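Hello,

Here is the structure I promised to pass on. Please open it first, then read my notes below.

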Amino acid sequence: MIIQTSALRKDFTVWRKLGRLRRERRVVTAVDGVDLTVAEGELLGYIGPNGAGKSTTLKMMTGVLTPSAGEVSVCGLTPVPQRTRLARRIGVVFGQRSQLWWDLPLTESFSLLRHVYRVPPADHAARLRRCRSLLDLDAFLDTPVRQLSLGQRMRAELTAALLHGPRVLFLDEPTIGLDVLSKQAVRGFLGELHATGDTTIVLTTHDLADIEKLCRRLVVIDHGRVVHDGTVEQLHAAYRSKRRVVADLDTAWPDGLTLPGASVERVEADGLRVTLSLDGATAGEVVAQLAQVVPLRDLSVLEPEIEDVVARLYTGR
Amino acid sequence: MASPYWHLLVAQVRSQTQYRFSFTLELVFSTVLTLLDVATVFVLFTVNDSLGGFGGGEVFLMVGICALGFPLADFAVGNVERLRIYVRGGLFDAVLLRPLSALGQLLAMDLSARRAGRVVQGLVIYVVALVVAPIAWSPAAAVLVVLAPLSAAVFFGAIFVGAATVAFWWIESGEFANAFTYGGRDFASYPTTVFGGLFRRVFAYALGFAFVAYLPALALLGRSDPLGVPDWLRWCSPLVALFAAGLAALFWRTGVRHYRSTGS
């Protein structure tokens, strides 16, 4: 296992002002006993509402924060005591923070990173070449980082995190604030990186499309605890997400009509559009039954939305 | 391949080259300030023949040791005070994610070339002080002449790092830190004998500022301490400086472990 945590915990002490001198000490547990194992080459989606403890977990895995209790090991190293050794083996992109030198042209940041990580020039050049073509960097290589657009900067950050050939790549909200095209570029790149199988990727995000496009495995964290760990399908199964059939009709939906294996979720447009959710029956069976009882004009089948499941997960605290 | 710290430093200097005018301005200001510091001593001696039992040349030697040691420390590690900016904004994350010493990076990334100018001014003052002061020359004194300002620099450096480290717990600690760095320099520039009571005990002995300039100056002048500090201790500044540096390093390590970062 390339990443392993057991009973990982982080407490923060918060002082609340009560009066001129009186302070109240309160302990906030940001991460509360997280057990997680990630195998080499895996792409793990790590999601949760704001303040759930995602970033804190990542910061403990990367050696930025010292855990309050529990164990964490990444690449066989203990992050805080072996921070500098670990830093050579991991790459990190924090969406809201830059690893680049603000006032320097991008190429100079890249060559500085080569010295910081002591990467052999040939390896560095090969990796840079690959990122340049996959992420389309050539247009802004000579631009100072502070003048890059967010999308350009994120592509640059990804490159910067990979130039030393890390075994694990940690991404904290890499698509936050990006436009559709940049999101696609980032996702496409991560997908390809994952396909090569050399790099383990841990990704936190609020954009569930990232998860659907990229991740087989999904870990959901809330209030510092893992509430789901499994595939996206397992998540749907566990929370009984339903597929839906939406039918447009030529005559209004008869009141009180029911079909076996499906339930009526909504009737709209003066009864001319009906949404059925499937409980047990297949879409084919429901459509066949529908065709017998009402005149059908058009049909569509909706896959369950991960957004719905996750929203239910977050609200069902 | 040259040290990665060197490359960080060059990058920092390159980022700064855009601000040439302020570089010149800063140099002018700091020259004026240094001259004012020296002038203060002269003004004091126009009123009094002696200060805390010491003559003008003797006090000038203490001023000289500080005038060289402090800017040396300020040049090398003074920018550690910028730590609180890194801690407040969570920028310290990026520092910890690189495979280099956190303190080393901080110093290299913020090294300010402007401060080099003050080192040169300090050197001039120190050389003048060596000429003016009635030094009891001996081989040991010759060694101490070189070591005293260096020890002072190491000691002030430790104070800079120690005071800045407080920012890991208390971000608004800037003024508190200045009390020890600039306050310490002002204390160390004068004979310990001019201060009294608790203040003297705390700053001179508990915090060790007497070892910065006062005690080594006594050794160079061949005088015993009127306050009764044993003669051999006058030669111990380098050891005290190393001890202070060790303490500061330990404190720094503890601070880094307490770094809290900020929200995502």
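Start with residues 59-78 of chain B: the chain there is 95% helix and 0% strand, with the end C-alpha atoms 25 Å apart. Over residues 232-252 of chain B the figures are 76% helix, 0% strand and 31 Å. Both stretches are among those that an unreviewed UniProt entry lists as "transmembrane region" in chain B. UniProt positions follow the numbering used here, feature names are shortened, and annotations may be inferred rather than shown by experiment. Helices (H or I, at least four residues) and strands (E, at least two) are DSSP runs, numbered from the N terminus.

This is a predicted model: local features need pLDDT of at least 70, side-chain atom pairs count only at pLDDT 80 or more, and totals for chains, interfaces and linings use all residues. Residues are numbered from 1 along each chain as its sequence is written, while chains are lettered from A and ligands numbered from 1 in the order in which they are written.

On confidence, the model scores ipTM 0.79 and pTM 0.80. Mean pLDDT (the predictor's confidence in each residue, from 0 to 100) is 85 for chain B, and 95% of its residues reach 70 or more.

Now the contacts. 30 residues of chain A touch 18 of chain B (C-beta atoms, placed from the backbone, within 7 Å). On the chain A side, α1 (54-61), α2 (83-89), β5 (90-94) and α3 (106-116) each give two or more residues.

Best wishes

Terms used
Contact = placed C-beta atoms within 7 Å.
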